[in-house]
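Here's a quick briefing to read alongside the model. Keep the structure open while you go through it.

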Amino acid sequence: MNEGLVILGASYAGVQIAVSARESGYDGPITIIGDEVELPYQRPPLSKGYLSGKVDEAVLPLRSAAFFEEQRIALHLGVAAAAVDRRGRTVMLADGTERRFGRLAFATGSRARMLPLPGNDLAGVHTLRSLADARRLVAAMRSAERAVVIGGGYIGLEVASTLVAAGCAVTVLEASDRLLSRAAAPPLAEFVTDVHRSRGVEIVTGVQATRILGEDGRAVAVESTDHVSRPADLVLVAAGAIPNGELAVAAGLACDQTAIVVDRCGRTNEPEILAAGDCAVTRQGGTILRLESIQNATDQGRAAGRVVAGREDEHAAVPWFWSDQYDLKLQMAGLVAGYDRHVVRGRVESGRFGIYYFREGRLIAVDTVNKPGDHLTARKLVASADGVTPEAVADESVDLRAFLKAHANAS
Amino acid sequence: MPEVIYVGSDGTERRVDVPKGRSVMQGAIQNGIRGIEAECGGVLSCATCHVYVDPAWVDRLDPPSEDEADMLTNTAAEHEPGSRLSCQIEVTAELEGLVVRIPETQS
């Protein structure tokens with residue numbers, strides 16, 4: 001029963017695929033299958049505003065139930081997919097039922113990486129990915145006095161900022177030699193480290209957690225390779241994410257570990273099967289590129305949705321990302337990998353500045369702190385990069401927006 | 001619930017009841033108003049919820065913050081005197097009947 005488009009994952013990417021397929025003129029049946037019971041919802045606030053109480057659960061849904069109904073997008077929630085039969089064009093669900101598909105899209109996202117630490121199953125040990133995780137964390141925060149965050153990436157740091165603001169003593173343990181080692185360049189990471197320390201967070205780098213100690217089934221301390229045992233009644237394991245591509249691997253689709261390899265339109269090596277978002281990777285030159293971001297889920301989902309409607313629009317957007325910590329709005333445009341020079345625009349001490357990254361004289365990425373207007377300009381500058389010089393960036397009297405307009409007129 | 005009137009770029013009008021305390025952006029997203037994308041969910045990161053507030057209403061809204069004003073000079077569609085980011089307009093009883101026009105593009 002039910003041919004048409006079947007989307008696995010009631011995620012940002014999943015909803016975007018459905019919406020874009022409809023907007024592009026696809027008129028067949030669409031079903032979104034998701035293992036969580038809630039309407040598809042926004043995840044970024046879970047580690048930010050939702051945790052601090054600023055964002056209410058009621059505003060988290062990406063769209064209303066009425067919207068899905070009106071668009072004839074069927075939601076099949078609370079049940080996971082168990083297997084995909086490529087040849088038989090069928091998805092087997094965990095409840096034993098089956099769904100036939102004409103086209104299939106993976107938007108299964110990623111899950112929190114659990115470290116193989118003794119004690120990681122104790123009460124008081126958390127990960128943060130889903131709304132259910134966030135609800136548990138909010139409840140735990142109410143009584144928490146000492147927290148250890150294992151992992152100094154964006155999610156760990158966002159939670160640390162909220163915990164310390166709520167009066168909890170917080171230590172962040174990072175295994176590599178600096179914070180944000182996978183997600184940001186050293187200049188931004190250094191600034192963020194300084195901010196957290198000034199707010200009273202203990203930042204410990206180059207140290208790995210080795211064991212979580214418990215009493216009566218509850219976490220009480222975290223031991224680490226620096227031979228220190230830090231007391232903790234709340235432990236957050238924030239050590240990255242694993243793409244949920246296992247069903248695609250089992251179905252024999254081209255994958256890189258558990259991430260599904262797609263082209264710039266979101267197609268897998270089986271043209272009728274698409275993938276978008278955290279579970280997907282693209283090959284850019286010789287390297288595999290996986291982006292965990294709303295922008296990527298949106299743009300890749302949009303491209304995949306258009307494929308369903310018979311259109312082919314390669315997405316080539318400049319990657320962007322944001323993080324809110326304390327009163328800081330951190331925004332990243334472009335990819336910093338391989339930069340050979342960076343220029344700071346504005347004064348770091350003012351708390352409002354940008355870091356502009358160049359490779360062989362070409363602007364490739366920009367991090368801004370509390371400069372949302374500059375971030376938008378930066379996205380455009382990175383997209384059409386020739387002509388922006390480090391000297392122009394360093395001189396705050398040069399209006400980079402005017403430069404953009406001049407550039408647009410000239411081209 | 002105050003009613004907000006969303007006018008599409010093609011002139012079609014949608015009247016939507018938006019709970020007080022929610023933003024004009026949230027009212028659009030929850031009701032599937034086309035042309036407001038709101039990629040960042042309302043945290044002043046994306047400028048894809050740009051609207052033109054009807055001239056009769058512009059002065060009845062609190063002015064944009066410095067960050068919003070800064071972002072408004074960078075929207076995909078033309079900047080006009082009534083340009084606002086709809087995530088920054090909180091719906092109150094006084095805004096009953098607010099009219100906003102949706103630009104042709106957000107990205």
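This is a predicted model: local features need pLDDT of at least 70, side-chain atom pairs count only at pLDDT 80 or more; totals for chains, interfaces and linings use all residues.

**Where the chains meet**
- On the chain A side, 21 residues are in contact with 18 residues of chain B.
- Elements of chain A that each give two or more residues to this side are helices H3 (65-70), H8 (294-308) and H9 (372-383), along with strands E23 (320-325) and E24 (328-334).
- H9(A) puts in the largest share, with four residues.

**A sheet in chain A**
- Four strands of chain A line up as E18-E19-E21-E22 in an open sheet with mixed pairing.
- Strands E18 (255-256) and E22 (287-289) of chain A sit at the edges with a single partner strand each, so one side of each has no neighbour in the sheet.
- Strands E19 (residues 259-262) and E21 (residues 280-284) of chain A run parallel and are joined by three bridges.
- In that pairing, A:Ile260 stands opposite A:Ala280 of E21(A).

**Chain B at a glance**
- Chain B has three helices and five strands, arranged along the sequence as β-β-α-β-α-α-β-β.
- Its radius of gyration is 12 Å, close to the 13 Å the globule rule gives for 107 residues, so chain B is as compact as a globular protein of that length.
- The C-alpha trace of chain B spans about 30 × 25 × 25 Å along its principal axes.
- Of the 107 residues in chain B, 44% are buried.
- Take the contacts in chain B between residues at least 6 apart in sequence: 66% of them join residues at least 24 apart.

Definitions and conventions:
Residues are numbered from 1 along each chain as its sequence is written. Chains are lettered from A and ligands numbered from 1 in the order in which they are written. Two residues are in contact if their C-beta atoms, placed from the backbone, lie within 7 Å. Two strands pair if DSSP finds at least two bridges between them. The radius of gyration is taken over C-alpha atoms; the globule rule is 2.2 Å times the number of residues to the power 0.38. A residue is buried if 20 or more other C-beta atoms lie within 10 Å of its own, exposed if 12 or fewer, and partly exposed in between; C-beta atoms are placed from the backbone.
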